[in-house]
Amino acid sequence: MIEFREDQPRWQQVAQMIRERIAAGTYRPASRVPSENDLMQEFGIARMTAHKAMKALRAEGSIYTVRGMGSFVSPPDDTKNS
């Protein structure tokens, strides 16, 4: 388990860690990201905390979910470099 800071909600910290893993290439475009259950075990967090982190990542377009298959890293947005 990791040590969480007290100045920011845990779901935001978990979402940031996943963003950092995506940026570092740990999770590559179209690769599966951990499930909520996996996040619960890895970080020692509640299901709602994991759910909120994943929901935030989906809302910002970092990941997408395929029902029955899981969540995946979104492809890079090439319009940012134009």
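**Core, helices and strands**

Modeller: As a starting point in this predicted model, L39 touches V14, I18, P34, G44, I45, A50 and M54, when residues up to four places away in sequence are not counted.

Biologist: How many residues does the largest nonpolar core have, and which have the most contacts inside it?

Modeller: In soluble globular proteins, nonpolar side chains tend to be buried together. Here the elements that give two or more residues to the largest nonpolar core are α1, α2 (36-43) and α3 (47-59). That core has 16 residues, and those with the most contacts inside it are V14, I18, L39, F43, I45 and M54.

Biologist: Which residues of α2 are buried, and why do they line one face of the helix?

Modeller: An α-helix has 3.6 residues a turn, so residues three or four places apart point the same way. The buried residues of α2 are E36, L39 and F43. Seen down the axis of α2, these buried residues fall within an arc of 55°, so they line one face of the helix. They pack against α1 and α3, and the residues asked for are E36, L39 and F43.

Biologist: At what angle do α1 and α2 pack, and which residues meet there?

Modeller: Two packed helices are described by the angle between their axes and the distance between the axes. For α1 and α2 the angle is about 105°, with the axes 12 Å apart. Because angles of 65 to 115 degrees count as roughly perpendicular, α1 is roughly perpendicular to α2. The residues that meet are V14, M17, I18 and R21 in α1 with L39, E42 and F43 in α2.

Biologist: Is Q13 buried or exposed, and which backbone oxygen does its side chain reach?

Modeller: The place of Q13 is in helix α1, which covers residues 10-24, and its contacts beyond four places in sequence are with F4, R5 and Q8. Since buried means under 20% relative accessible area, Q13 with 5% is buried. Its side chain reaches, at 2.9 Å, the backbone oxygen of R5.

Biologist: What is the relative accessible area of A53, and which residues is it in contact with beyond four places in sequence?

Modeller: A53 has its place in helix α3, and the C-alpha atoms of A53 and S71, 18 residues apart along the chain, are separated by 12 Å. A53 is buried, with a relative accessible area of 0%. Leaving aside its neighbours within four places in sequence, A53 is in contact with W11, V14 and A15.

Biologist: Is S71 buried or exposed, and what is the length of the polar contact that joins the side chains of S71 and T65?

Modeller: S71 lies in strand β2, residues 70-73, and its contacts beyond four places in sequence include S31, M54, R58 and T65. With a relative accessible area of 8%, S71 is buried. The polar contact that joins the side chains of S71 and T65 is one of 2.8 Å.

Biologist: What is the phi of A30, and what is the phi of G44, which follows α2?

Modeller: Most residues other than glycine have a negative phi, and most peptide bonds are trans. A30, found in the loop between α1 and α2, counts as exposed at 51% relative accessibility. Phi of A30 is positive although A30 is a residue other than glycine, with a value near 75°. G44, which follows α2, has a positive phi near 65°.

Biologist: Which residues does P29 touch beyond four places in sequence?

Modeller: P29 is likewise found in the loop between α1 and α2, and at 47% relative accessibility it counts as partly exposed. P29 and R19 are ten residues apart in sequence and 12 Å apart in space, C-alpha to C-alpha. Not counting residues up to four places away in sequence, P29 touches V73, S74, P75 and P76.

Notes:
Residues numbered from 1 in each chain as written. Predicted model: local features only at pLDDT ≥ 70, side-chain atom pairs only at ≥ 80, totals over all residues. Heavy atoms only, no water. Helix = DSSP H or I, 4+ residues; strand = E, 2+ residues; numbered from the N terminus. Buried < 20%, exposed > 50% of the residue type's maximum accessible area, 1.4 Å probe, protein only. Polar contact = N/O pair within 3.5 Å; in protein donor to acceptor, adjacent residues only side chain to side chain. Contact = heavy atoms within 4.5 Å. Core = buried A, V, L, I, M, F, W, Y, C linked by side-chain atoms within 4.5 Å. Arc of directions from axis to C-beta. Axes fitted to C-alpha atoms, helices over the stretch in contact; angles between N-to-C directions. Parallel < 35°, antiparallel > 145°, perpendicular 65-115°, else oblique.
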